[in-house]
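I opened this model to go through its fold, core and surface. My notes follow in the order I looked things up.

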Amino acid sequence: MKTRHKRLILITAGLGTLGLAAWLVLSAFQQNMVFFFTPTQVFSGEAPKGRSFRIGGMVEEGSVKRQSDGVTVGFVVTDTAQKIPVTYKGILPDLFKEGKGVVAQGKLGQDGHFVADEVLAKHDENYMPSEAAYAVKKAHEDAAKQKAGEQAAAPAAAPAVPVAADAKEVK
């Protein structure tokens, strides 16, 4: 075998090894990549089915329900436009409270119920994930636009002005 052929085989083997390594790294990233979705996005079907993702928003007031086993907690995450029920089995962070920001990681069940593996709470009153803050702001803007549209569509009750039968038209 000539030196030229040996070099070609060595280069081909090196490129093959490099390609295999790149494929393994990219597939590991793909499996471990976790995306963030708001309740509105989950409700509209943008969230992946059967795959882990994060949902973020505010814990709805009065929605936290603790099970009798002492470790299972149910609550509702909202972005003020939509609500998604969440179940979590484990110890909640100390800062987890109703009306505060939360990010939960888990999977969406067939019934639309989110089963969380991990729950993260905000660290102070000024913190909210940027995606959650944007979603809440957008939901408020959409609600305001919808309210304004409903008010514009409703016929305004104009005061009735009586017109005399003998009134003359003014030109």
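**Entry 1: strand β2 and its partners**

I began with Phe37, whose bridge partner in β2 is Ile55. I note here that I am reading a predicted model. Phe37 belongs to the pairing of β1 (residues 36-37) with β2, where two bridges join the strands and the direction is parallel.

I then followed β2 to its other neighbours. With β6 the pairing is antiparallel and covers six bridges. Within β6, Val102 is the residue that stands opposite Gly57. With β4, β2 pairs over two bridges, also in the antiparallel sense. Here I found Met58 opposite Thr78 of β4.

Is β2 mostly covered, or mostly open? I counted it as mostly covered, since five of its seven residues are buried, that is, under 20% relative accessible area.

**Entry 2: the chain as a whole**

I stepped back to list the elements. The protein chain has three helices and seven strands. Read from the N terminus, the order is α-β-α-β-β-β-β-β-β-α.

I looked up burial for the chain: 25% of its 171 residues count as buried. The accessible surface is about 12500 Å², and carbon and sulfur atoms hold 59% of it. For contacts with a separation of 6 or more, I noted that 50% join residues 24 or more positions apart.

**Entry 3: β5, β6 and β7**

I went on to the other strand pairs. β5 and β7 run parallel and are joined by three bridges. In this pair, Val86 stands opposite Phe114 of β7. β6 and β7 are antiparallel, with seven bridges between them. One of the facing pairs I checked there is Gln105 with Glu118 in β7.

β6 and β7 form a hairpin with five residues between the strands. In that hairpin I found Gly112 with a positive phi near 85°.

I also checked the loop between β4 and β5, where Thr80 lies. Thr80 has a phi near 75°, which is positive although the residue is not glycine. At a relative accessible area of 45%, Thr80 is partly exposed.

**Entry 4: Val86**

Val86 sits in strand β5.

Val86 and Val59 are 27 residues apart along the chain, and their C-alpha atoms are separated by 9.8 Å.

**Entry 5: the nonpolar core**

I turned to the largest nonpolar core, which has 20 residues. The members that touch the most others are Val42, Phe53, Phe75, Phe114 and Val119. I then checked which elements give two or more residues to this core: β2 (53-59), β4 (72-78), β5 (83-89), β6 (101-108) and β7 (114-121). As background, nonpolar side chains tend to be buried together in soluble globular proteins.

**Entry 6: the salt bridge**

How many salt bridges does the structure hold? I found one. The side chains of Lys83 and Glu60 meet in it, at 2.7 Å from N to O. Lys83 is in strand β5 and Glu60 is in the loop between β2 and β3 (65-66), so the pair ties together parts that are 23 residues apart in sequence. Glu60 has 22% relative accessibility, so I put it down as partly exposed.

Ile11, Leu15 and Leu18 make a nonpolar surface patch of about 330 Å². I placed Ile11 in helix α1 (residues 3-32).

Conventions:
Residues numbered from 1 in each chain as written. Predicted model: local features only at pLDDT ≥ 70, side-chain atom pairs only at ≥ 80, totals over all residues. Heavy atoms only, no water. Core = buried A, V, L, I, M, F, W, Y, C linked by side-chain atoms within 4.5 Å. Buried < 20%, exposed > 50% of the residue type's maximum accessible area, 1.4 Å probe, protein only. Helix = DSSP H or I, 4+ residues; strand = E, 2+ residues; numbered from the N terminus. Contact = heavy atoms within 4.5 Å. Areas by Shrake-Rupley, 256 points an atom, 1.4 Å probe, with all protein chains shown as cover. Patch = residues over 30% accessible without salt bridge, like charges linked within 9 Å, V, L, I, M, F, W, Y side chains within 5 Å. Salt bridge = Lys/Arg side-chain N within 4 Å of Asp/Glu carboxyl O. Pairing = 2+ DSSP bridges.
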